[in-house]
Amino acid sequence: MVSPQIPEVENCSPPRGLWIRQLSGHERSAFIATFGGWMLDGMDVMVYSLVLPTLLAEWHISKGQAGLLSTVTLLLSSLGGWFGGDSG
């Protein structure tokens, strides 16, 4: 059995420096905007989890009602994303 010939590659070393500097200006702007949107999207869930104990105490709601409130919030958030993404 003959082994396949592997072409020789002259430079296999990875490029030096940060990979984000290799992007063009438009690519870098798109990456930063996407990362910012992803970060803000995750932040609302974190803020809700921090506010939830206060809501339980102030509104005198049960844990089941708080869970329902959380579920409705996430479902409506996903619907907003679908409709907002569809309109663009």
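**View 1. His60, the residue that follows helix α1****.** In this predicted model, helix α1 is followed by His60, whose phi is positive, with a value near 55°. The helix that precedes His60 covers residues 25–59. Its 35 residues reach 49 Å from the first C-alpha to the last, which is close to the 51 Å expected at 1.5 Å a residue.

**View 2. The kink at Val51 in helix α1****.**

**View 3. The edge-to-face pair of Trp19 and Phe31****.** The structure holds two aromatic pairs. In the pair shown here, the rings of Trp19 and Phe31 lie 5.2 Å apart, centre to centre, with 80° between their planes, an edge-to-face arrangement. This pair links distant parts of the chain, since Trp19 sits in the segment before α1 and Phe31 in helix α1, twelve residues apart. Trp19 is exposed, having a relative accessible area of 53%, whereas Phe31, at 34% relative accessibility, counts as partly exposed.

**View 4. The tilted pair of Phe35 and Trp38****.** The ring centres of Phe35 and Trp38 are 5.6 Å apart and the ring planes stand at 45°, so this pair is classed as tilted. Both residues lie in helix α1, three residues apart, which corresponds to about one turn of the helix. In general, an α-helix has 3.6 residues a turn, so residues three or four places apart point the same way. Phe35 is partly exposed, with a relative accessible area of 43%, while Trp38 is exposed, with a value of 60%.

**View 5. Leu74 in helix α2 and its separation from Asp44****.** Leu74 has its place in helix α2, which spans residues 63–87, and at 46% relative accessibility this leucine counts as partly exposed. Leu74 and Asp44 are 30 residues apart along the chain, and their C-alpha atoms are separated by 9.9 Å.

Technical notes: Residues numbered from 1 in each chain as written. Predicted model: local features only at pLDDT ≥ 70, side-chain atom pairs only at ≥ 80, totals over all residues. Heavy atoms only, no water. Helix = DSSP H or I, 4+ residues; strand = E, 2+ residues; numbered from the N terminus. Buried < 20%, exposed > 50% of the residue type's maximum accessible area, 1.4 Å probe, protein only. Expected span 1.5 Å × (residues − 1). Bend = angle between axes of the 7 residues up to and from the residue. Phe/Tyr/Trp six-rings, centres within 6.5 Å; stacked < 30°, edge-to-face > 60°.
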